[in-house]
Amino acid sequence: MYSYLKFKYFLFILIIIGQSSAEIPHRRFEYKFSFKPPYLAQRDGSVPFWKYGGNAIASGDNIRLAPSLKSQKGAIWTKTSVPFEWWDIDITFRITGRGRIGADGMAFWYTIKPGDYEGTVFGSSDQWVGLGIFFDSFDNDNKHNNPYIMAVLNDGTKVFDHSNDGANQMITGCLRDFRNKPFSTRAKIEYYKNTLTVLFHNGNTQNENDFEVCMRIENLSLPRNGYFGVSAATGGLADDHDVKQLLTHSLYPPGSISPQAGIEMPKVEEQQKLSDEYAEYQRKLDMQKEQYKKEHPETQKDNENEFDEWFESDNQRELRQVFSVQAQMYEAIRVLGNKLDEVIGRQERTLSLLSTVPGSPVQGHIPDASKMQLPSGVGLDHIAASQKELYNTVLEIRNFVVEVHRKTESVLNNQIKQPTAQVQSIGYDNSAILRELQESVNAMRRDVSFTTQKLNSVSQSSCPNTNCLSTSIFLVFGVIQVLVLVGYFIYRNNKENQQKKFY
Ligand SMILES: [Ca+2]
Ligand SMILES: [Ca+2]
């Protein structure tokens, strides 16, 4: 019901436009000479009003005339001859391939009889009678002038000159790249009052207005009641040749809207009847809307654009999608912001807790204040005092060791000066031992000074009492050991000297 009304509305608009315009020809959509998605092919694979063959494959969305395999050929032709004299055809197609160069190309036909499905000229018959518009991908004559679009007329006698890319046979053409475009490429072929115009859309944009003139041929006479066809072929190189849709309109000069042969144009009475029906429908719709508004005054505002809300243009849809994505991004950023605030708050709380503890470090790794506990009864002041005490003790030990070292040296010197015969041997032993002693004392000095430095460097940091005290005890024991050794040595030395006096 809805589509029927739409169709009537379309006719009505067509009539209105036709009556108001004196320049533009009447255009009438010819569904029997068109195909388009989403139901281009039916379930059984057939395309209504068309017949295809060769390697062509039709789906709901497009017809692949020749797939990207070597030496493929395919074509699609209208089943019935074209009853109208003037027409325009809008072909939306894509020619794509992995290679920088593709082959062979695609052709649009208007000929007195349908061509082959596996012919030699871009997939269809040679020596055709009528018009061929070729989209020649491959540069056979190596003149670096392909891809090329050209128009070739034939009266059935000419064999297409592939080796020269039809250079001497075409009426005219244009150099246009139609392969591997981001969007579909389109060609509008209009034949009206013996003038052929080919407009080309290069597929770099989706803008409907980006057509440019490829060729315009005047005084061209094409045979009546021909057939439309599209074909394609691959060679050694291969592209996919897909036609997404082909829309045909018949054209009628303004003021001569009389029905063509075989075409049922709406009669004047019928037009009037359709117009009246449409007006009646519109009036009833308005009445119903008014009635609804009266019954539901609270939804009046919402219902004003009730029917507009059922539809959306492509731009509106795109805008809506962009808006929804942005809304999601905004929501994600808002959640992140909240979490960041939380983290900053927690950090500030930690810092404030740390600043309440005197002398505590606030740089580097900050421990969790809630888990930080000082030993009960032990303050930082106490620790600092202990360290100072320890430092003083170590200094005292150091001085003591230096003194021992000095005394040992003097003992050694005295021993060397003893003028006895056996002094040398005993003295040699003594001096060796004393040197060892000296070395150990030196090592001790180094250790002590190293310990002092280390203690200085760590005097500010917290240090458990037990560890520090055990080190100092160790040092004290070490020094006592050295002293005992030195004492024993002096004692032995003296005893030996006394023994020598008896000899
Ligand atoms: Ca060629
Ligand atoms: Ca060429």
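Predicted model: local features only at pLDDT ≥ 70, side-chain atom pairs only at ≥ 80, totals over all residues.
1. **Overall make-up.** The chain contains seven helices and 15 strands. Of its 503 residues, 23% are buried. If you take the contacts between residues at least 6 apart in sequence, 66% of them join residues at least 24 apart.

2. **The seven-stranded sheet.** For finding your way around, start with the open sheet, whose strands come in the order E2-E5-E14-E7-E8-E9-E10 and pair in the antiparallel sense. The edges belong to E2 (50–54) and E10 (170–175); each has a single partner strand, so one side of each has no neighbour in the sheet. Going from one strand to the next, the twist averages 15°.

3. **What sits beside E7.** On the E8 side (residues 129–136), E7 pairs antiparallel over seven bridges.

4. The next step along is E9 (residues 148–155) with E10, an antiparallel pairing over five bridges. In that pairing Ile149 has Cys174 as its bridge partner.

5. **The nonpolar core.** The largest nonpolar core takes in 56 residues, and those with the most contacts inside it are Leu65, Ile76, Met106, Ala107, Ile133, Val198 and Val230. Strand E6 (residues 86–96) gives the most to this core, with six residues.

6. **Leu65 in detail.** Leu65 is found in strand E4 (residues 63–66). Buried or exposed? Leu65 is buried, because 33 other C-beta atoms lie within 10 Å and the cut-off for buried is 20 or more. Leaving out residues within four places in sequence, its contacts include Ala56, Gly74, Ala75, Gly123, Ser231 and Val243. Ile76 is another of its contacts; the two are 11 residues apart along the chain, and their C-alpha atoms are separated by 7.6 Å.

7. **Met106 in detail.** Again setting aside residues up to four places away, Met106 touches Leu65, Phe93, Ile95, Phe122, Phe135, Val230, Ala232 and His241. Val230, Ala232 and His241 are also among the contacts of Leu65. If you colour just one neighbourhood in your viewer, the one around these two residues makes a handy starting picture.

8. **Two cis peptides.** Where are the cis bonds? One joins Pro37 and Pro38, with omega about 10°, and Pro38 lies in the loop between E1 (26–29) and E2. Another runs from Ala103 to Asp104, with omega near -20°. Asp104 is in the loop between E6 and E7.

9. **Two asparagines with positive phi.** Asn142 has a phi near 55°, a positive value in a residue other than glycine. Asn142 is placed in the loop between E8 and E9, and counts as exposed because it has 8 C-beta neighbours inside 10 Å. Asn194 also has a positive phi, about 60°, despite not being a glycine. The loop that holds Asn194 is the one between E11 (185–192) and E12 (195–201). With 13 other C-beta atoms within 10 Å, Asn194 is partly exposed.

Note on methods:
Residues numbered from 1 in each chain as written. Chains lettered and ligands numbered in written order. Core = buried A, V, L, I, M, F, W, Y, C linked by C-beta atoms within 7 Å. Buried ≥ 20, exposed ≤ 12 C-beta atoms within 10 Å, placed from the backbone. Helix = DSSP H or I, 4+ residues; strand = E, 2+ residues; numbered from the N terminus. Contact = placed C-beta atoms within 7 Å. Pairing = 2+ DSSP bridges. Axes fitted to C-alpha atoms, helices over the stretch in contact; angles between N-to-C directions.
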